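Thanks for coming. I have one structure to go through today, and I will keep to what can be computed from it.

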Amino acid sequence: MAYKKLIPFINTESEALANILKRAKKYVDAGADELFIFRYSANSIERDEFLSVLKEINKAIEIPVTAGIYFESLEDAKRAFNTGVSKIAIQNKKLDDYVEFNKAIQRFGSENVFLEMDEKEFIESEFTTYSYIVKHLSLCDEFISKAEGCDCNIMLRDSLRKNDMTTLLGIKNVSALSTNAWVDNNLMFIKKELAKKGLDMNVFLTSLSFADFKLDSLGLIPVIVQDYKNDEVLMLAYMNEEAYNKTLETGKMTYYSRSRNQLWCKGDTSGHYQYVKKLYIDCDNDTILAKVEQIGAACHTGNRTCFFTELANKD
């Protein structure tokens with residue numbers, strides 16, 4: 001299913017690599033579908049530096065990245081894709097050679113090469129079959145008519161100060177929304193809310209309802225938690241139905257405390273959040289296995305895992 005994507009953007013100009021990586025990672029943990037990273041400087045030194053930044057980003061995160069680059073020839077596109085990005089974006093106002101641009105499309109596919117322009121340029125252009133990033137939106141009738149009438153793929157870039165996400169993503173041929181307004185937002189929650197309004201979003205969908213689980217006498221199910229990268233067992237906790245639904249809604253592991261008789265989101269106090277990657281149920285439907293990205297320590301003692309005390313050993 002082709003779902004609508006939420007793609008935060010990061011302008012890397014005058015930004016330190018550490019800050020860029022920190023922000024990118026934060027967006028990934030919050031539930032971003034992809035990232036749009038750009039630096040359109042024509043300066044050769046900055047262009048080389050940006051390629052190095054892209055390499056580091058693609059090593060650090062596991063979701064697709066679109067790179068906004070300064071483009072003069074097919075070679076610029078090749079160098080960008082060699083960093084590991086999935087797509088590139090080229091500003092129409094800085095594009096002098098459409099022959100080279102079309103070479104890039106022929107080489108890498110029109111779905112992977114975006115032409116970035118403002119709404120007015122889009123309306124007045126004769127292009128109809130490209131992938132576009134369109135910004136400076138008024139959502140006038142002329143724009144909507146052309147967007148919905150041409151054979152194209154559109155990502156809208158917007159501040160979200162005037163336009164709402166439901167309207168933007170509801171336009172035919174708009175596949176994604178990009179903004180820098182989600183710095184401290186839980187994107188999984190936003191996607192859930194948009195899905196409730198009828199938009200196809202990339203959210204956690206459960207194959208079983210909580211009623212299908214075999215619960216203990218308190219209505220709880222145990223959850224074994226593993227690091228999704230190396231399968232290290234981190235901890236064991238319990239969920240009730242509310243905790244399970246909250247986990248699916250936010251993408252952050254939420255449990256039920258038997259001692260305090262209340263819900264708790266792992267990390268709300270310590271900052272050591274667990275971001276859901278996958279959930280499994282065992283053959284008897286009585287135990288959940290959660291594959292997570294663990295931030296910091298899983299154990300309240302400060303240890304990475306709660307299972308650090310050796311109990312028995314056969315040597």
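Before I get to charges, a word on the counting: Lys and Arg count as positive, Asp and Glu as negative, while His and the chain ends are left out. Each charge is placed at NZ of Lys, CZ of Arg, CG of Asp or CD of Glu. On that basis the protein chain carries 40 positive and 47 negative side chains. The centres of these two sets are 2 Å apart.

Please keep in mind that this is a predicted model.

Now the overall picture. Along the principal axes, the C-alpha atoms of the protein chain occupy a box of roughly 70 × 45 × 35 Å. In secondary structure, the chain has 9 helices and 14 strands. There are 315 residues in the chain, and 48% of them are buried. The accessible surface is about 16,100 Å², and carbon and sulfur atoms account for 48% of that surface. As for contacts, take those between residues at least 6 apart in sequence: 53% of them join residues at least 24 apart.

Next, the backbone. Asn173 sits in the loop that runs between α7 (165-169) and β8 (174-179). Asn173 is at 23%, so it counts as partly exposed.

Asp231 also goes on the list, with a positive phi near 65° in a residue other than glycine. Its place is the loop between β9 (221-227) and β10 (233-239). The relative accessibility of Asp231 is 40%, and therefore this residue is classed as partly exposed too.

How many cavities of 30 Å³ or more does a search of the whole structure find? The search gives 3. The largest cavity has a volume of about 110 Å³. Its lining includes the charged residues Arg39, Arg47, Asp76 and Arg79. Also in the lining are Ser41, Phe50, Leu51, Ile69, Tyr70 and Ala80. Which helices supply at least two residues each to that lining? They are α2 (44-60) and α3 (74-81).

Conventions: Residues are numbered from 1 along each chain as its sequence is written. This is a predicted model: local features need pLDDT of at least 70, side-chain atom pairs count only at pLDDT 80 or more; totals for chains, interfaces and linings use all residues. Side-chain values use heavy atoms; hydrogens and water are left out. Helices (H or I, at least four residues) and strands (E, at least two) are DSSP runs, numbered from the N terminus. Buried means under 20% relative accessible area, exposed over 50%, partly exposed in between (1.4 Å probe, protein chains only). Contact means heavy atoms within 4.5 Å. Accessible areas come from the Shrake-Rupley method with a 1.4 Å probe; for residues, only the protein chains shown count as cover. On a 1 Å grid over the protein atoms alone, a cavity is a set of points where a 1.4 Å probe fits but cannot get out, and a pocket is an open set with protein on both sides within 12 Å along at least five of seven lines; lining residues have an atom within 4 Å of a point. Grid points are joined across faces, edges and corners, and a volume is the space filled by probe spheres set on the points.
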